[in-house]
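Subject: Structure handover

Hello,

Here is the structure for your files. My notes on it follow below.

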Amino acid sequence: MEKNDHDDKQGNGYSRRGFMQFIGVGAGVVGASLLSPPLRRPLKAEDVGTIFPASEMVKVRLAVNGTVHAVLVEPRWSLLYVLREIIGMTGTKIGCDRGECGACTVLIDDVPRYSCMTLAVEAENRTITTVEGLMKGEELGPVQTAFVETDAFQCGYCTSGQIMAVEGLLRKVESPSPEEIRLGCSGNLCRCGAYPNIFAAAGKAAQLKSK
Ligand code: FES
Ligand code: FES
């Protein structure tokens with residue numbers, strides 16, 4: 001018998017396919033947490049003074065959602081570009097591509113980061129989590145479920161980034177105050193102005209995670 005969306009529905013009543021279709025049609029926003037320290041990669045002695053030709057490819061190993069991908073990249077390529085165009089994970093969205101909107105937010109070592117402003121080579125040997133990595137098999141994770149249940153989007157273009165910002169916040173603060181939620185989401189823009197429901201989703205997600 002043919003499989004359909006209804007067949008995919010899990011215990012919470014939502015399917016992965018349906019959710020990704022819902023938010024995946026658009027997506028872009030502002031992203032990284034203001035609470036986070038700057039991302040730094042220690043330079044090695046041999047790095048100093050090295051000028052890579054733009055076309056020279058380097059091999060990096062990126063640990064994304066628990067799977068290590070060995071990929072050839074140009075040193076100038078952003079993590080966002082590599083995630084979407086090389087690895088093929090399109091849950092992370094491209095909005096402004098210059099650190100203004102947050103649509104591209106991922107977690108690097110559990111901290112929200114703009115992947116458009118992070119070079120792929122910087123992310124080597126880090127733990128990278130994208131919105132796909134919040135799934136539990138075919139079932140939505142608690143933050144994704146909270147966004148659905150509180151109707152925390154309109155066009156959905158910002159939603160992947162908003163979810164990752166909230167996920168990062170909740171990995172740092174289990175039960176954030178309204179002020180901490182607003183600060184945690186402050187790097188992510190929503191052009192539809194769905195902020196009240198996004199903030200409500202963050203509170204609901206904290207409850208779901210604590211169960
Ligand atoms: S795409 Fe807008 S901040 Fe990265
Ligand atoms: S930009 Fe449309 S839901 Fe946020």
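In these notes, buried means under 20% relative accessible area, exposed means over 50%, and partly exposed lies in between (1.4 Å probe, protein chains only). By that scale Asp-110 is partly exposed, at 39% relative accessibility.

Some ground rules. This is a predicted model, in which local features need pLDDT of at least 70 and side-chain atom pairs count only at pLDDT 80 or more, while totals for chains, interfaces and linings use all residues. Residues are numbered from 1 along each chain as its sequence is written, chains are lettered from A and ligands numbered from 1 in the order in which they are written, and side-chain values use heavy atoms, with hydrogens and water left out.

The sheet. Helices (H or I, at least four residues) and strands (E, at least two) are DSSP runs, numbered from the N terminus. Five strands form an open sheet with mixed pairing, in the order β2-β1-β5-β3-β4. Its edge strands, β2 (67–73) and β4, each pair on one side only; two strands pair if DSSP finds at least two bridges between them. β1 (residues 58–64) and β5 (residues 127–129) run parallel and are joined by two bridges. Ala-63 has Thr-127 in β5 as its bridge partner.

Helix α5 and Glu-167. The helix α5 lies across β3, β4 and β5, at about 30° to β3 (axes are lines fitted to C-alpha atoms, for helices over the stretch in contact, and angles run from 0 to 180 degrees between N-to-C directions). Glu-167 sits in α5 (residues 159–172) and is buried, with a relative accessible area of 4%. Its side chain makes a polar contact with the side chain of Lys-209, at 2.9 Å. A polar contact is a pair of N or O atoms within 3.5 Å; within protein, one must be able to donate a hydrogen and the other to accept it, and residues adjacent in sequence count only if both atoms are side-chain atoms. Leaving out residues up to four places away in sequence, Glu-167 touches Leu-107, Leu-134, Val-143 and Lys-209, where contact means heavy atoms within 4.5 Å.

Positive phi. Asp-110, in the loop between β3 (105–108) and β4 (111–114), has a phi near 70°. Asp-151, in the loop between α4 and α5, has a phi near 55° and is partly exposed at 47% relative accessibility. Most residues other than glycine have a negative phi.

Cysteines. Cys-158 is buried at 6% relative accessibility, whereas Cys-192 is partly exposed at 28%. With a disulfide taken as a pair of cysteine sulfur atoms within 2.5 Å, the count is zero.

Regards
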